[in-house]
Amino acid sequence: MTKVSVSVKRITVDDGISVFYRTASPSETPNSPTVLLLHGYPASSHQYRHLIPLLAQRYTVIAPDFPGFGFTEVLPSRAYEYTFAALTRTLAAFLDALHIASFAVYIFDYGAPVLLRLALQRPGAITAIISQNGNAYEEGLGPSWVPIKAYWAASSAGAGAAEREAVRTGVLTPETTKWKYTHGSRFPDAIEPESYTLDAALMQRPGNIEVQLDLFRDYENNVKMYPQFQAYFRESQVPLLAVWGKHDRSFTPAGAEAFKRDLPAAQVVLLDAGHFAGETENEEIAALTLKFLDGLKL
């Protein structure tokens, strides 16, 4: 395997947001097709630290941190609205600033609705999708969403303070963050503690818990858009590989299998893993991803 150097960079977009991102490309073919990696909750591009060098053997890989996550910086004076629509606008500005008009994309968790919102705006930009526990179907919403659905219902009824507090104390904790990484994994003791420790530490930054609560509240709007995302699949027939940790309590295997309803040619692979399958299964995921992308001859 060729040694690949991963760079960390910043670029200022969207009225002053300093987006942190990781990138690498093959030394022999630096202008190879782009694969965008979009992280989920409560992580950042750090979750792809092992996957990036594997994919960058043949592709240019770019993994940004969303506002509110990782090392992307948003000044309080920016008065940024933490919604998935806003995250999508920032991602679009990021891609434009880097002059990326066409790309394959690896989506996970929160990365899925951000990308699919962008797909509604730029359907021709996306050459292929690899979804690792990146959901787009109601049947894929697992039991971990129960307290958050209660928060949605109460908020829609004009209340929700108690339910918001329940999410704060029951979901947004270091213990729950660690559990999201380790639950369902065949090798929980092999998961590097810096992963969930970093996520938990960054969530404790001043104001960040409120950011996460706002995004949990807004996720209901992604669910409302699922029919639009599914229409995009049917109309585009975008090549899609679903690589799914089958023990995930957030997004269950039913969400992976559902892709075939709108994309009959979709490939679905269920892994003996949990939500953060990439922490221990990254070599298998990389092999599946490279085989899928190479077969498309992008």
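**Close-up 1. The loop that holds P42 runs between strand β3 (34–38) and helix α1 (51–55).** Helices here are DSSP runs of H or I with at least four residues, strands are DSSP runs of E with at least two, and both are numbered from the N terminus. The model is predicted, and local features need pLDDT of at least 70, side-chain atom pairs count only at pLDDT 80 or more, and totals for chains, interfaces and linings use all residues. Residues are numbered from 1 along each chain as its sequence is written, while side-chain values use heavy atoms, with hydrogens and water left out.

**Close-up 2. Strands β1 (residues 7–13) and β2 (residues 17–24) form an antiparallel pair with seven bridges.** Two strands are said to pair if DSSP finds at least two bridges between them. R10 stands opposite F20 in β2, and the two strands make a hairpin with three residues between them. In the loop between β1 and β2 lies D14, which has a positive phi of about 50 degrees although it is not a glycine. D15 is found in that loop too, and its phi is also positive, near 60 degrees, again in a residue other than glycine. With a relative accessible area of 67%, D15 is exposed (exposed means over 50%, buried under 20% and partly exposed in between, with a 1.4 Å probe and protein chains only).

**Close-up 3. Helix α3 (residues 111–121) crosses helix α8 (residues 208–236) at roughly 50 degrees, with axes that come within 10 Å.** This angle makes α3 oblique to α8, because angles under 35 degrees count as roughly parallel, over 145 as roughly antiparallel, 65 to 115 as roughly perpendicular and the rest as oblique. The contact (heavy atoms within 4.5 Å) involves residues including L116 and L120 of α3 and M225 and F229 of α8.

**Close-up 4. Helix α4 (residues 146–156) has I148, Y151, W152, A154 and S155 buried.** Among the elements that cover these buried residues are α5 (161–170) and α8. Just after α4, G158 takes a positive phi of about 90 degrees.

**Close-up 5. A256 has its place in helix α9 (residues 253–257).** A256 counts as buried because its relative accessibility is 0%. Leaving aside neighbours within four places in sequence, A256 is in contact with A242, W244, V268 and L270. The C-alpha atoms of A256 and Q132 are separated by 8.7 Å, although these residues are 124 residues apart along the chain.

Methods:
Axes fitted to C-alpha atoms, helices over the stretch in contact; angles between N-to-C directions.
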